[in-house]
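Grab a pencil and work through these exercises with the structure open beside you. Try each task before you read its solution.

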Amino acid sequence: MLSLLEKELALLENSSQQAFPPESIIPILQRCRKEKSHVFAHRFHACIRRMGLETNISLGPHLLLMLVDVGNMQDAQCIFDTLPHKKEDLWNSLISGYAKQGELQRAIAHYQKMQEESVHPSSHTFVPLLNACAKLKDAKRGQEMHLEVSRKGLEKSIHVGCTLVDMYVKCDLMSKAQEVFDELPARNVVAWNSLISGYARLGFAKEALNCYEQMRVDGISPTAITYVCILKACGSIGAIKKGRKIHYEVVWRGMLKKDIMLSTALVDMYAKCGVLGTAEKVHDDLCARDLISWSALIAGYVRHAQGDDALECFERMQSEGFFPDVVTSSCILKACAIIRDIDKGKEIHDQIVRRGFQKNNVLLGNALVDMYAKCGALLEARH
């Protein structure tokens, strides 16, 4: 049975412009936009184009927003270029659309053009632009935008403030991220997670743990992302007591069975702390194992010089249908080096060559040289 929207589109497709004045088409457009369907958007746009209403002062802006919603930036740009009056919300929509589609430089270029045409940006302008700077790791442009945000008094906006923190974190400028964070009038879990993840990723485990404790004091409940970052911090400094506490907490909150990333972070934390029996138990209890969780366990055995266990784990991984990637392969080569198993090492080497991993890969190249050298096969190591 056809929906109301499908009936309306069919009627539009078989009608003339005179049968549907622009004002009567807007409700259909709004229903079409709500669906966020590429098919409906394409059909509606074709009707409007045939009727010659693309640049209609009433319909044009709504049509542009709908096209941005479904990621059709080419047609949205064409309509934007022909509209006589371009309000701030249309500029923002175009900038946001390009940022979401990964066309980050085009988003920034539109912001520059927006400034040239004296259109005043708002918080809705800066959030996608700062996200673009974060993805590009363009700290210089990000700082320029930060200055503009401050001049306009938008720094206190929770959305802009959180995005600024995240931008500085992703550009590895933790002191700037902390500075903006400290000035936020209100701190939500998004801002805390950005800061904690940055400290954990860059190896500042104690700072990450301190942030986590302060977050709890402030009454903010952690998310799965928070726990993943904190477990990474615990693993990097061997904070097993804190790691166990986090483990109990996520089990109590019923989060472990729902999140493979969190479960894998637990395996990795126990493995790095040398509690390999618990790491394997957590891994075996996973509702769904993947290559990352297997690699974390194998890397733990290798880190603590348990080559036989690493190879046994590797065989189990393959029996479950998982094929090693570059990281897993380099770990297994280290395991072969630990127990001087040159036959297994050569087998892994053959796999690497067959899968085309070795070419121009320094990580694997080094692991192969090391494995052959430690197994006493110096000609192969040199080759």
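Predicted model: local features only at pLDDT ≥ 70, side-chain atom pairs only at ≥ 80, totals over all residues.

## Exercise 1: The largest pocket

The largest pocket has a volume of about 450 Å³. Residues are numbered from 1 along each chain as its sequence is written, and side-chain values use heavy atoms, with hydrogens and water left out.

**Task.** Find which element gives the most to the lining of the largest pocket, and sort the lining by class.

**Solution.** 

Step 1. On a 1 Å grid over the protein atoms alone, a pocket is an open set of points with protein on both sides within 12 Å along at least five of seven lines; a cavity is a set where a 1.4 Å probe fits but cannot get out; lining residues have an atom within 4 Å of a point. Points are joined across faces, edges and corners, and the volume is the space filled by probe spheres set on them.

Step 2. List the elements that give two or more residues to the lining of the largest pocket: helix H14 (224-237), helix H16 (260-272), helix H18 (291-303) and helix H20 (326-339). Helices here are DSSP runs (H or I, at least four residues), numbered from the N terminus.

Step 3. Pick the top contributor to the lining of the largest pocket: H18, with six residues.

Step 4. Sort the lining of the largest pocket: twelve nonpolar, three polar and six charged residues. Ala, Val, Leu, Ile, Met, Phe, Trp, Tyr, Cys and Pro count as nonpolar, Asp, Glu, Lys and Arg as charged, and the others, Gly among them, as polar.

## Exercise 2: The cavity

**Task.** Say how many cavities of 30 Å³ or more the structure holds, and what lines the largest cavity.

**Solution.** 

Step 1. Count: there is one cavity of 30 Å³ or more. The largest cavity holds about 30 Å³ of space.

Step 2. Read off the lining of the largest cavity: Pro324, Ser329, Ile348, Gln351, Ile352, Arg355 and Phe357.

Step 3. Sort the lining of the largest cavity, and you get four nonpolar, two polar and one charged. H21 gives the most to this lining, three residues.

## Exercise 3: The nonpolar core

**Task.** Name the residues with the most contacts inside the largest nonpolar core, then look at what Phe44 touches.

**Solution.** 

Step 1. A nonpolar core is a set of buried Ala, Val, Leu, Ile, Met, Phe, Trp, Tyr and Cys residues joined through side-chain atoms within 4.5 Å. Buried means under 20% relative accessible area, exposed over 50%, and partly exposed in between (1.4 Å probe, protein chains only).

Step 2. The largest core has 126 residues, and those with the most contacts inside it are Ile25, Phe44, Leu64, Leu262 and Ile298. H14 supplies the largest share of this core, eight residues.

Step 3. Not counting residues up to four places away in sequence, Phe44 touches Leu9, Leu12, Ile25, Ile28, Leu29, Cys32, Leu63 and Met66. Contact means heavy atoms within 4.5 Å.

Step 4. For background, nonpolar side chains tend to be buried together in soluble globular proteins.
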